[in-house]
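Trainee: Hi, I'm new to this one. Could you walk me through it?

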Amino acid sequence: MLQFMSSKTDLHYQFLTNNLKTIVSFKDRFPNRSLQSSNQVIIFDDNTSRLFGKNVTNSIIIKDRDSAKCWNSIEDIFTIAVKRGLDRKAEIIGIGGGAV
């Protein structure tokens with residue numbers, strides 16, 4: 001089941017499958033919390049990495065190109081996340097433009 005929620009500045013999609021719940025949020029402002037959690041990965045494109053990725057140690061950087069907009073990129077991100085020990089409660093934050 002897919003539920004859609006919105007507020008003045010945010011969009012939220014909630015996916016429910018059996019007993020598993022996934023919430024995807026799109027925000028127009030950056031969350032005010034730590035960006036160094038051990039169960040978290042931050043995805044930047046190569047442009048936003050230069051602007052916002054300094055001192056962020058748990059990041060993944062992808063190319064800001066149309067060729068990065070594919071399932072292989074998602075698979076690469078999940079493979080890296082699993083190798084880093086992230087679990088199913090991990091937080092994945094995307095900071096970027098078109099490719100992220």
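Mentor: Happy to. One definition to begin with: helices (H or I, at least four residues) and strands (E, at least two) are DSSP runs, numbered from the N terminus. With that in hand, the elements of the protein chain run β-β-β-β-α-β-α-β from the N terminus on. That comes to two helices and six strands.

Trainee: What kind of model is it, and how are residues numbered?

Mentor: It is a predicted model, where local features need pLDDT of at least 70 and side-chain atom pairs count only at pLDDT 80 or more, while totals for chains, interfaces and linings use all residues. Residues are numbered from 1 along each chain as its sequence is written, and side-chain values use heavy atoms, with hydrogens and water left out.

Trainee: How much of the protein chain is made up of buried residues?

Mentor: Buried residues make up 27% of the 100 residues. Buried means under 20% relative accessible area, exposed means over 50%, and partly exposed is in between (1.4 Å probe, protein chains only).

Trainee: Which residues make up the largest nonpolar core?

Mentor: Seven residues in all: Val41, Ile43, Ile60, Ile62, Ile77, Ala81 and Leu86. Strands β4 and β5 (59-62) and helix α2 each supply at least two residues of this core. There is also a second, separate core of five residues, which includes Phe44, Val56, Ile93 and Ile95. A nonpolar core here is a set of buried Ala, Val, Leu, Ile, Met, Phe, Trp, Tyr and Cys residues joined through side-chain atoms within 4.5 Å.

Trainee: What does Leu86 touch?

Mentor: Not counting residues up to four places away in sequence, Leu86 touches Ser38, Asn39, Gln40, Val41 and Ala81. Contact means heavy atoms within 4.5 Å.

Trainee: Gln40 is on that list. Is Gln40 buried or exposed?

Mentor: Gln40 counts as buried because its relative accessible area is 3%. Gln40 lies in strand β4 (residues 40-45), and its side chain makes a polar contact with the side chain of Glu91 at 2.8 Å. Another polar contact, of 3.2 Å, joins the side chains of Gln40 and Asn58. A polar contact is a pair of N or O atoms within 3.5 Å; within protein, one must be able to donate a hydrogen and the other to accept it, and residues adjacent in sequence count only if both atoms are side-chain atoms.

Trainee: Okay, switching to the surface. Which residues make the nonpolar patch?

Mentor: Trp71, Ile74, Phe78 and Ile92 make a nonpolar surface patch of about 460 Å². Helix α2 gives the most to this patch, with three residues. Trp71 lies in helix α2, and Trp71 counts as exposed because its relative accessibility is 71%. Like charges are joined within 9 Å, nonpolar side chains (Val, Leu, Ile, Met, Phe, Trp, Tyr) within 5 Å. Accessible areas come from the Shrake-Rupley method with a 1.4 Å probe; for residues, only the protein chains shown count as cover.

Trainee: One more spot: where does Thr48 lie?

Mentor: Thr48 lies in helix α1 (residues 46-52) and is buried, with a relative accessible area of 11%. Its side chain reaches the backbone oxygen of Ile95 at 2.8 Å. Leaving aside neighbours within four places in sequence, Thr48 is in contact with Gly53, Ile95 and Gly96.

Trainee: How many residues apart in sequence are Thr48 and Gly96?

Mentor: They are 48 residues apart in sequence, and 5.7 Å apart in space, C-alpha to C-alpha.

Notes:
Patch = residues over 30% accessible without salt bridge, like charges linked within 9 Å, V, L, I, M, F, W, Y side chains within 5 Å. Salt bridge = Lys/Arg side-chain N within 4 Å of Asp/Glu carboxyl O.
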